[in-house]
Amino acid sequence: MRYKINDVKRILNIKEETLRYFDKKNIIKTTRDQKNNYRYFKAEDINKIFAYKMYRSLLFSLNDSNELVSGKPLPLLERKLNEQIAFIEKEQKYLNQVKHHISILSEKLKKWNSFTGGFEIAESEECYYHPNQTDTCFIQEADVFENTYQCLDYLPSIWPCFYYNYSASSPEFSFGYGLHTNHTPPINGLMHLPSVKCLYTMIFLEDNLLLSIPDILEQADTYCCQNNHKLKGTLYGSILHEMEENGLNYRLFELYLPID
């Protein structure tokens, strides 16, 4: 039994250009009738196209899918299936990390939408912190670059952060990357920020964050005096979003101020 191209289009619900692609790539071997110039497909061709589409739906590459329908022996199929399972497991792990990061960010944005200002008592998120930028420029030192490269290997599980130690003799302010501790990264020089009791707040700033910190600390100190707490001398947090509006740049921050 032979099938014309319109027959195959109906059988597989497939576009004509896709069928021409299969023919051009020698995934199938159609024949052309010299009398009427029609291209004909055999049942084997149609089944092979379906098998190819099936393997593509299983996330096999174009080349692997082509190879799997090209009549190779069973050991090839077994090896490719095992390789694909390993690939899928790796992708699942990555996608779970993506989902986790997106869920956290989504929850924080929901919190901002209902946030009424002020401070609340909260436990900070335990993480590692890598500083790579001052308030004015990136730090261009070899060891900082090396740690940056290693941190970037942990995407999508890192996020933009800042840190300010205002109790030091020379206050230390930096921007950088945060990384969840469940990764326990083998990266030298990362700062460990344990989960501690904090004052938590969210702010949307047009001004430079560093310029706003004195006012934030003053408000936090007033809150502590009224509620029998004491600031510990550091402040850190995440940059949740940056946007431009009416020619001005705004950034949404969440802040943690450790307290006794």
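**Exercise 1: The cavity**

The structure holds one cavity of 30 Å³ or more. The model is predicted, so to speak of local features a pLDDT of at least 70 is needed, side-chain atom pairs count only at pLDDT 80 or more, and totals for chains, interfaces and linings use all residues. Residues are numbered from 1 along each chain as its sequence is written, and side-chain values use heavy atoms, with hydrogens and water left out.

*Task.* State how much space lies in the largest cavity and which residues are the closest to its centre.

*Solution.* 
1. Begin with the terms. On a 1 Å grid over the protein atoms alone, a cavity is a set of points where a 1.4 Å probe fits but cannot get out; a pocket is an open set with protein on both sides within 12 Å along at least five of seven lines; lining residues have an atom within 4 Å of a point. A volume is the space filled by probe spheres set on the points, which are joined across faces, edges and corners.
2. The space in the largest cavity is about 110 Å³. Its lining has 14 residues, and Cys127, Trp159, Tyr236, Gly237 and Ser238 are the closest to the centre.
3. At least two lining residues come from each of strand 5 (127–133), strand 6 (158–165), strand 10 (234–245) and strand 11 (248–258). Helices (H or I, at least four residues) and strands (E, at least two) are DSSP runs, numbered from the N terminus.
4. By class, the lining of the largest cavity has eight nonpolar, three polar and three charged residues. Here Ala, Val, Leu, Ile, Met, Phe, Trp, Tyr, Cys and Pro count as nonpolar, Asp, Glu, Lys and Arg as charged, and the others, Gly among them, as polar.

**Exercise 2: The largest pocket**

*Task.* Determine which element gives the largest share of the lining of the largest pocket.

*Solution.* 
1. The volume of the largest pocket is about 280 Å³.
2. Of its 19 lining residues, His101, Ile104, Ile158, Trp159 and His180 lie nearest the centre.
3. Helix 5 (74–114), strand 6 and strand 10 each supply at least two lining residues. The largest share, seven residues, belongs to helix 5.
4. The lining of the largest pocket comprises eight nonpolar, nine polar and two charged residues.

**Exercise 3: Salt bridges**

*Task.* For the pairs Glu16 with Arg20 and Asp260 with Lys232, describe where the partners lie.

*Solution.* 
1. A salt bridge is a side-chain nitrogen of Lys or Arg within 4 Å of a carboxyl oxygen of Asp or Glu. By this rule there are 14 salt bridges.
2. In the pair of Glu16 and Arg20, the closest N and O atoms are 2.3 Å apart. Both residues lie in helix 2 (residues 16–24), four residues apart, about one turn of the helix.
3. Glu16 is partly exposed because its relative accessibility is 25%; buried means under 20% relative accessible area, exposed over 50%, and partly exposed in between (1.4 Å probe, protein chains only). Arg20, at 42%, is also partly exposed.
4. For Asp260 and Lys232, the closest N and O atoms are 3.7 Å apart. Asp260 lies in the segment after strand 11 and Lys232 in the loop between helix 7 and strand 10, so this pair ties together parts that are 28 residues apart in sequence.
5. Asp260 counts as exposed because its relative accessibility is 51%, whereas Lys232, at 45%, is partly exposed.
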